[in-house]
Every structure is written in C-alpha cells, then in structure tokens.
Amino acid sequence: MKMLLLSAALLCVAGTLSACRPAEQTPTQTGAGTTDAGTDPDGRPRVLTTFTILADMARNVAGDRIEVVSITRPGAEIHGYQPTPSDLIRAQGADLILNNGLNLERWFTRFTQDSRAPTVTLTDGIEPVNISADAYAGKPNPHAWMSPKNALIYVENIRRALTDLDPDGADTFRANADAYAAQIREVDEQLSTQLGQLPPNRRALVTCEGAFSYLARDYGLKELYLWPVNAEEGQGTPRQIRAVIDGVRAQGVPAVFCESTVPDKGMRQVAAEAGARYGGDLHVDSLSDEVPTYLDLLRKDADTILAGLTGEQP
C-alpha cells in the first residue's frame, strides 16, 4: 500500500500536475506571465520564495499589493529540502518565484521545472565569498544574506522583480524598498558597533556550518567551522571535530556556537574537550518564533555572539 501511494505521488510530481490539481486551481493565462491560480481571492499576484528569510524581505518591499509565500516553513533546514507534491502544485500557481542562488537550493530545478512562473535569483550582483575547505573549495558560499550590505542588493533585486510583475505598484515598491533599506543600514551600524567591542583575542567565530563567512568578513571576525555546507548527518566527522578542537585550544576561543536548524552534538563535544563554553544557537537559514524577521535574526545573532565571546550580556 505504501508503495502504491508513493507511486501515485511521484506521478503527480513527474508530469501530471494538472490532473492532480483540483479543477478550480488549474492555471489559465491572464497575460504578462500571470495565472488565475497565482492570485489570492482579492486579486493580488502571488510570489513564492524558497525560504522564509527571502519571504520576509519580499513582504517588506511588496507591502499589501502582493501575496508572498515561502515554500519552506519556519525552522526548516533548506539545503537538503525535498519538495512535496503540494509544493510543486503551488509553484504552478505562482506569478513569480524568488530564489537565493549560489547553489543554496539544490532542489530548486526540480521544483520549478514544471512551473510557468518566471524566476529571479536574488544574489545577482553580489560578489561571493568562496568556500576554502573540503569538497566545496572554490565554490561560492551561499549565505550572502548574512551580510546586511549584501541584503541591500537583495532588496533592490526584489524591487525590480516586483516592478516587472506589477508595474502599477512601482512607486509603492520603491518607497517600501527605500524605507526597508534604511532599517537594514541601521542594523548594519548596530552590528558594527556591537561586534567592534570584541578585543583582538576574542574575534573568532566558531560554528557548526561555515554559514557566517559574509558576517565575519564585514565585522572583522576569524571564522572556524566543522563543515563548510550542511552535512547530510549534520554532526561533523571525527576529523572535522578534532580539527576544530585543536583550533579552539590553540587560539584560546572562549565560546563556540551552532546553528538552530542542525544538531549541536558535535559542537558541544568541541566545547567540552577544548575547555570552551557553548555560547548558544545562531540563526541563519530560517525565521522562527524567536526571530520572526530577518532584522531580528541579525540582531539576535549579534547579541548571542557578543555574549558568548565576552561572557557579558550586551
């Protein structure tokens, strides 16, 4: 029975989405790349994003003119996400899909291959930081949004994409983007001030994943991590753990961290064996109740890093 159900789901995904979709959701062309299924009941276009952080950015620019929906849910691990048949059907009804790019969403091609919606990659125009270790050496680090300076490029790309989708909203999108960009710049200044307090011997950021390369670059932190991009098991190999233990000991790093969407067992082992504190969870790939917006995520991470490395609450 399980095999029959799986086969039916795969048939829906592989090529019969219109047959699996309820009749009232079958998309019909309405001009300019939009579909009836891509609009909500009040007639707004629908924009899908690949994860929650992009959705938050897009909502800040879109305002009330456009419905913005994230495919992945709050708290989800996005690197190895597996689209469901319902996700794929939703893509059929989108007017626009926004993705990060830089090889982050390895599932993205499978997700959009049957969608007629245009896609926009929000990292276009960003100078990537390349990964320097393991099998990913030389490839771009995908976590570009962890730099507020890069976030300004995301916002401009979103503004352009929404203006192309809804030209009548151009003035609204520009005003919203300008206001949001001002907030991002304020957070950038806040992080620069906070993290600038760290003395030279405390300016090391040790994490499970190498997801903080852009933040470390912007604020003068040295980065050390267990794995460059989220591992399948999310634990770290014995060799990776030993290398980080040695690095933490050699540099006298007072605290280490892990990401909220992966297990922290390996990093807690590092802390125990290296004589460091476990400084807490950092947020990178997903929003949550604790960090409901992108700007909250940046502020929370800065607070956690500062508290962990100084032993004092910011």
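What does Gly252 count as, and at what relative accessibility?

Reply: Some ground rules come first. This is a predicted model, so local features need pLDDT of at least 70, side-chain atom pairs count only at pLDDT 80 or more, and totals for chains, interfaces and linings use all residues. Residues are numbered from 1 along each chain as its sequence is written, and side-chain values use heavy atoms, with hydrogens and water left out.

Now your residue. Gly252 counts as partly exposed, at 46% relative accessibility. The scale is this: buried is under 20% relative accessible area, exposed is over 50%, and partly exposed is in between (1.4 Å probe, protein chains only). Gly252 sits in the loop between helix H9 (238–251) and strand S7. Helices (H or I, at least four residues) and strands (E, at least two) are DSSP runs, numbered from the N terminus. Now look across to Arg202. Gly252 and Arg202 are 50 residues apart in sequence, yet their C-alpha atoms are 8.2 Å apart in space.

Cys258 forms a disulfide with Cys208, the sulfur atoms being 2.0 Å apart. A disulfide here is a pair of cysteine sulfur atoms within 2.5 Å. By this rule the count is one. The link is left-handed, with -115° about the S-S bond. Both ends are buried: Cys208 has 1% relative accessibility, and Cys258 has a relative accessible area of 0%.

His143 makes a side-chain polar contact of 3.2 Å with Glu209. A polar contact is a pair of N or O atoms within 3.5 Å; within protein, one must be able to donate a hydrogen and the other to accept it, and residues adjacent in sequence count only if both atoms are side-chain atoms. His143 is in the loop between strand S4 (119–121) and helix H6. His143 counts as buried, at 0% relative accessibility. Leaving out residues up to four places away in sequence, His143 touches several others, including His79, Gly210, Tyr214 and Asp285. Touching means contact, with heavy atoms within 4.5 Å.

S4 leads on to a sheet. Four strands make an open sheet in the order S2-S1-S3-S4, with parallel pairing. Two strands pair if DSSP finds at least two bridges between them. The edges are strand S2 (67–70) and S4, each pairing on one side only. Neighbouring strands are turned by 25° against each other on average, direction ignored. Axes are lines fitted to C-alpha atoms, for helices over the stretch in contact, and angles run from 0 to 180 degrees between N-to-C directions. Three bridges join S3 to S4. Take Ile97: the bridge partner of Ile97 in S4 is Thr119. H6 packs on this sheet, touching strand S1 (46–49), S3 and S4. The direction of H6 makes about 170° with that of S3.

Follow H6 to its other end. Asp166 lies in the loop between helix H6 (148–165) and helix H7 (170–195). Asp166 is buried, at 11% relative accessibility. Asp166 touches Arg65, Ile66 and Phe173, not counting residues up to four places away in sequence.

Go back to S3 for another loop. Leu102 and Asn103 lie between strand S3 (96–99) and helix H5 (108–112). Leu102 is not a glycine, but has a positive phi of about 55°. Asn103 also has a positive phi, near 65°, and is not a glycine. Asn103 is exposed, with a relative accessible area of 56%.

Last, the interior. A nonpolar core is a set of buried Ala, Val, Leu, Ile, Met, Phe, Trp, Tyr and Cys residues joined through side-chain atoms within 4.5 Å. The largest one has 58 residues; Met57, Trp145, Leu162, Leu215 and Tyr294 have the most contacts inside it. Elements supplying at least two residues each include S3, H6, H7 and S7. Helix H11 gives the largest share, eight residues. Apart from this core lies another of 19 residues, among them Met267 and Val270.
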